[in-house]
Amino acid sequence: MPSREFPGTVEAAAEAEEWIAGESGALGLAGDTTFAINLCVEELFLNAVRHGHANRATISIWTEPDGLRLEFVDDGRAFDPTAAPAKRLHGRETNFEIGGFGTGLVQKFTRRMTYHRADGANRLVLEFDSGSDRNAGSGAIPAE
Amino acid sequence: MDMTVTETPEGVTHVALDGRFDIAGAQAVDRRFAELAEKAKILVVDLAKVSFLASLGVRTLMISAKTIIRRGAYIAVAGASQDVEKVLRLTGYDELVGLYPDVDSAARALTSRAKEFESRKA
């Protein structure tokens, strides 16, 4: 199973995306699945570093008979993205606060998300279809 | 990410972006986008060559839209791929700014809206 640890810096987000793009290519994933994985990695990485103050993050990717799995583990503050509300704009009102859209995008670009906190780390497993565009979720569920 | 700005004789500012609109892409164009949003009367953002869009790219687009709409100017987005458009729709950006299949249709729609507004004022 391909897996790699990255330092908890904003600059490492690009490194993580480059690595995941290479792994997606090696797995021969459909373009929309590659897009979804890239998006989730960027959003999770930046959240973990900027808001969770993580020192490191480890990303693993593997296939199962029913699709693709990506595990994102970080040692930042506890945060359950499956339980966070998905923010979105409504109408042409311009008095909105900028930012906070990343978690909602992760929820919507995955088929299912499972979160648990263990040993001082956030552990999130994302599920994707590895074929065509059937990833629009969300089946996000917190762990028992 | 590359950003090319052209002005048409009809007063439309055309911003063509090329590359990934991720954290690095957003950092590369943020300042120029903010400057354009302060002065453009009709701004068409061409995303046809944007292969990837994440929330920081949406943030740049939202800040510009907020500035432009508050100034009473006009903005539209054109040419987004299916995945990029999905990001724009899921964040609700499409409720703030019109999405068009290409630059020409976006420019036509905004120019006609601006003319209609001017004629009502006259």
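Glu85(B) is found in helix 3 (residues 82-90) of chain B; helices (H or I, at least four residues) and strands (E, at least two) are DSSP runs, numbered from the N terminus. At 26% relative accessibility, Glu85(B) counts as partly exposed, where buried means under 20% relative accessible area, exposed over 50%, and partly exposed in between (1.4 Å probe, protein chains only). Not counting residues up to four places away in sequence, Glu85(B) touches Ala80(B) and Leu99(B); contact means heavy atoms within 4.5 Å. Glu85(B) and Lys115(B) are 30 residues apart in sequence, and their C-alpha atoms are 28 Å apart in space.

The model is predicted: local features need pLDDT of at least 70, side-chain atom pairs count only at pLDDT 80 or more, and totals for chains, interfaces and linings use all residues. Residues are numbered from 1 along each chain as its sequence is written, chains are lettered from A and ligands numbered from 1 in the order in which they are written, and side-chain values use heavy atoms, with hydrogens and water left out.

### Helix packing in chain A

In chain A, the axes of helix 2 (residues 31-51) and helix 3 (residues 102-109) come within 9 Å and cross at roughly 145°. Axes are lines fitted to C-alpha atoms, for helices over the stretch in contact, and angles run from 0 to 180 degrees between N-to-C directions. Helix 2 of chain A contributes Phe35(A), Ala36(A), Leu39(A), Cys40(A), Glu43(A), Leu44(A) and Asn47(A) to the contact, and helix 3 of chain A contributes Gly102(A), Thr103(A), Leu105(A), Val106(A) and Phe109(A). By class, this contact has eight nonpolar, three polar and one charged residues. Ala, Val, Leu, Ile, Met, Phe, Trp, Tyr, Cys and Pro count as nonpolar, Asp, Glu, Lys and Arg as charged, and the others, Gly among them, as polar.

### Aromatic pairs and charges over rings

Over all chains, the structure holds five aromatic pairs. Rings of Phe, Tyr and Trp (its six-membered ring) pair if their centres lie within 6.5 Å; planes under 30 degrees apart count as stacked, over 60 as edge-to-face and the rest as tilted. The ring centres of Phe6(A) and Trp19(A) are 6.0 Å apart and their planes stand at 65°, so this pair is edge-to-face. Phe6(A) lies in strand 1 (residues 3-7) of chain A and Trp19(A) in helix 1 (residues 11-27) of chain A, so the pair ties together parts that are 13 residues apart in sequence. Both Phe6(A) and Trp19(A) are buried. Ring pairs also link Phe6(A), Trp19(A), Phe45(A) and Phe72(A) into a cluster.

Two lysines are placed over phenylalanine rings. The charged end of Lys87(A) sits over the ring of Phe101(A), 4.7 Å from its centre, and Lys86(B) lies over the face of Phe109(A), at 4.3 Å from the ring centre. A charge sits over a ring if NZ of Lys or CZ of Arg is within 6 Å of the ring centre and within 35 degrees of the ring normal.

### Contacts between the chains

Ile98(A) lies in the loop between strand 3 (67-74) and helix 3 of chain A. Leaving aside neighbours within four places in sequence, Ile98(A) is in contact with Lys87(A), Arg59(B), Met62(B), Ile63(B) and Lys66(B). Lys66(B), in helix 2 (residues 55-71) of chain B, touches Thr94(A), Phe96(A) and Ile98(A), not counting residues up to four places away in sequence.

In chain B, Tyr74(B) lies in strand 4 (residues 74-78). Its contacts, not counting residues up to four places away in sequence, include Lys41(B), Leu43(B), Arg113(B) and Phe117(B).

### Accessibility of selected residues

| Residue | Relative accessible area | Class |
|---|---|---|
| Ala21(A) | 34% | partly exposed |
| Ile98(A) | 23% | partly exposed |
| Asp119(A) | 79% | exposed |
| Lys66(B) | 15% | buried |
| Tyr74(B) | 14% | buried |

### Positive phi values in loops

His53(A) has phi near 55°, a positive value in a residue other than glycine; the place of His53(A) is in the loop between helix 2 and strand 2 (56-64) of chain A. Phi of Asp119(A) is near 50°, also positive in a residue other than glycine, and Asp119(A) lies in the loop between strand 4 (112-118) and strand 5 (121-128) of chain A.
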